[in-house]
Amino acid sequence: MACAGELDMDQVPVFNHAAHRALAARPVPPMLLLDLREVTFIDSAGLNALLLTRIQADRQGTVVHLVQPSERVARLLEVTGADRVFPVDPDIPAPQPPR
């Protein structure tokens with residue numbers, strides 16, 4: 001799931017809807033990749049959305065991986081200690097648009 005722009009109080013409902021749809025896929029996905037390389041801003045509401053998505057995913061056996069968090073996201077994760085609860089995949093290439 002690719003995220004771009006701001007992940008703040010205004011955008012959390014959009015993120016939550018997309019995450020819920022991704023986790024509702026059947027069969028249950030073993031992993032949910034959250035591509036955060038294009039996130040320009042994240043606040044506490046955005047961080048809370050990431051953490052709640054992780055909890056929801058964990059309940060169904062899905063692991064949430066963060067892909068190339070932007071500098072701002074990485075800094076917030078580090079400052080709050082949330083970087084210790086998410087696997088981070090820095091080397092996954094950007095997704096290609098569908099043809």
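A residue counts as partly exposed when its relative accessible area falls between the buried range, under 20%, and the exposed range, over 50%. Keep that scale in mind for the close-ups below, which all come from a predicted model.

**View 1. Asparagine 48 in helix α2.** Here we look at asparagine 48, which sits in helix α2, spanning residues 44-59. Its relative accessible area is 40%, so asparagine 48 is partly exposed. Glycine 5 is 43 residues away from asparagine 48 in sequence, and the two C-alpha atoms are 17 Å apart in space.

**View 2. Aspartate 35 in strand β2.** Next comes aspartate 35, a residue of strand β2, which covers residues 31-42. With a relative accessible area of 8%, aspartate 35 falls under the 20% cut-off and is therefore buried. The side chain of aspartate 35 makes a polar contact of 2.8 Å with the side chain of arginine 37.

**View 3. The largest pocket.** Finally, here is the largest pocket, with a volume of about 170 Å³. Its lining is made up of Met1, Ala2, Cys3, Ala4, Gly5, Glu6, Leu7, Gln11, Val14, Phe15, Ala18 and Val39. Two elements, β1 (2-7) and α1 (12-23), each give two or more residues to this lining. Strand β1 supplies the largest share, with six residues. By residue type, the lining of the largest pocket holds nine nonpolar residues, two polar ones and one charged one.

Technical notes. Residues numbered from 1 in each chain as written. Predicted model: local features only at pLDDT ≥ 70, side-chain atom pairs only at ≥ 80, totals over all residues. Heavy atoms only, no water. 1 Å grid on protein atoms, 1.4 Å probe; cavity = no way out; pocket = protein on both sides within 12 Å on 5 of 7 lines; lining within 4 Å. Points joined across faces, edges and corners; volume = space filled by probe spheres on them. Helix = DSSP H or I, 4+ residues; strand = E, 2+ residues; numbered from the N terminus. Nonpolar A, V, L, I, M, F, W, Y, C, P; charged D, E, K, R; others polar. Buried < 20%, exposed > 50% of the residue type's maximum accessible area, 1.4 Å probe, protein only. Polar contact = N/O pair within 3.5 Å; in protein donor to acceptor, adjacent residues only side chain to side chain.
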